[in-house]
Amino acid sequence: MNAPTHSAFANTAEEAIAAQDALDDPMTSEKATEVAMQNTLLTPRFYTTDFAEMDAVDVSSVREDWDRLITQMKSDPNKGHFKKNEEWDTVDWEGMEPALKAEFIDFLISSCTAEFSGCVLYKEMKRRGSNEDITTLFQLMARDEARHAGFINDALREAGVRVNLGFLTQQKKYTYFRPKFIYYATYLSEKIGYARYITIYRHLEENPELRFHPIFKWFREWCNDEFSHGEAFALLMKSDPKLTESFGNKLWIKFFLTAVYSTMWVRDHQRPLFHEALGVDVTWYGQEVFRKTSEISKQIFPMTLDIDHPRWRKNLDRMEAASRQIAAAKARGGLGGMMSRLGGMVKAATAFVSVFTIPAKTHRVPTSTRMEPTY
Ligand SMILES: [Fe+2]
Ligand SMILES: [Fe+2]
């Protein structure tokens, strides 16, 4: 089989990665790979799990919805989409304000790492599994994520930056999560990814003059992929009702909702110029993305967070301030730095507890998780 010439046409994640690696001119970008290698609470991580337990999942109770989703993913409507074409306007990297350029590149590197993190996990599940339902799904999702990561890398390459995907796979630290935590975290990151991309896409549809980079034109098809991935995780959870119904697991769900939302808030508030260039008020954007994600996640989670509660935004802002303090203290070093860092951690933890203990809004979940992307 001939390897495809571009990751956009790849049928598997392996082909997509090979196509990206083949593009790699002598240009190296240690800086970008270094950024992608970072493991902090705020940077995208790589995950590993109990693959045997995941391989044993029985989806027969959700068979009809499962087969429909797999058929749709196999039909591959986005094949060839994640590639530059005549819609890709020239990017004036030279003329871009340096501080904005730095934030935007940081955004691209972190998005590329997040996409690739999904790819690595899904690809591994496919490789280790023998349950055909599971391996088929994970191979399809790995394919999509590899195309997404490849496309972002194409964009970065124009700015003289690239993330070395092969190197990351080998060298980045992997965090172990039990399968159920993978479900909660990955389901949410797929759905919040959909909500983020579609919110930016719709905003730029109305304000095309603010589209300072062509990649945003690709966001609609992109977020539909993420939406489908989220649908798959919703079905995996639905196949085992105790995952969303037992008291302990409900607490975990609330924990993951709180952690994912607050991480996004803190991270986005650290890119003020990027959001300003898009003409997006970052606080509005955060709340809007939470609202959409909450609405969608009602398909499977029995609760949503009360994001209009008086303690909500106040404490997200506290977490953000604490995160700045921690970063500054780390840079400063020494005993003073250590003390300030500790202080920051206590502040962040206190704010997190304050948000976590806001009473959640509960509802009845529908019998079928099935949902269409309607935003
Ligand atoms: Fe993706
Ligand atoms: Fe995805």
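Visitor: Which residues does A146 touch, not counting those up to four places away in sequence?

Guide: Two residues are in contact if their C-beta atoms, placed from the backbone, lie within 7 Å. By that rule A146 touches S7, A10, A13, A16, I17 and C119. Keep in mind that this is a predicted model, where local features need pLDDT of at least 70, side-chain atom pairs count only at pLDDT 80 or more, and totals for chains, interfaces and linings use all residues. Residues are numbered from 1 along each chain as its sequence is written, with chains lettered from A and ligands numbered from 1 in the order in which they are written.

Visitor: How many residues are in the largest nonpolar core?

Guide: A nonpolar core is a set of buried Ala, Val, Leu, Ile, Met, Phe, Trp, Tyr and Cys residues joined through C-beta atoms within 7 Å. Buried means 20 or more other C-beta atoms within 10 Å of a residue's own; exposed means 12 or fewer, and partly exposed is in between. Here the largest core has 86 residues, and A146 is among those with the most contacts inside it, along with L108, C112, C119, L156 and L235. Helix α6 (residues 132-158) gives the most to this core, with 12 residues. Helices are DSSP runs of H or I with at least four residues, strands are runs of E with at least two, and both are numbered from the N terminus.

Visitor: Is F290 buried or exposed?

Guide: F290 is buried, because 23 other C-beta atoms lie within 10 Å. You'll find F290 in helix α13 (residues 282-297). Leaving aside neighbours within four places in sequence, F290 is in contact with Y261 and I307.

Visitor: What about the phi of D76?

Guide: Most residues other than glycine have a negative phi. D76 has a positive one, near 55°. D76 sits in the loop between α4 (63-75) and α5 (98-128), and is partly exposed, with 13 other C-beta atoms within 10 Å.

Visitor: At roughly what angle do the axes of α11 and α15 cross?

Guide: Axes are lines fitted to C-alpha atoms, for helices over the stretch in contact, and angles run from 0 to 180 degrees between N-to-C directions. The axes of α11 (residues 247-269) and α15 (residues 334-356) come within 10 Å and cross at roughly 125°. On α11 the contact is made by K254, F255, T258 and S262, and on α15 by F352, V355 and F356.

Visitor: How many helices and strands are there in the protein?

Guide: There are 15 helices and 4 strands. Buried residues make up 41% of the 375 residues.
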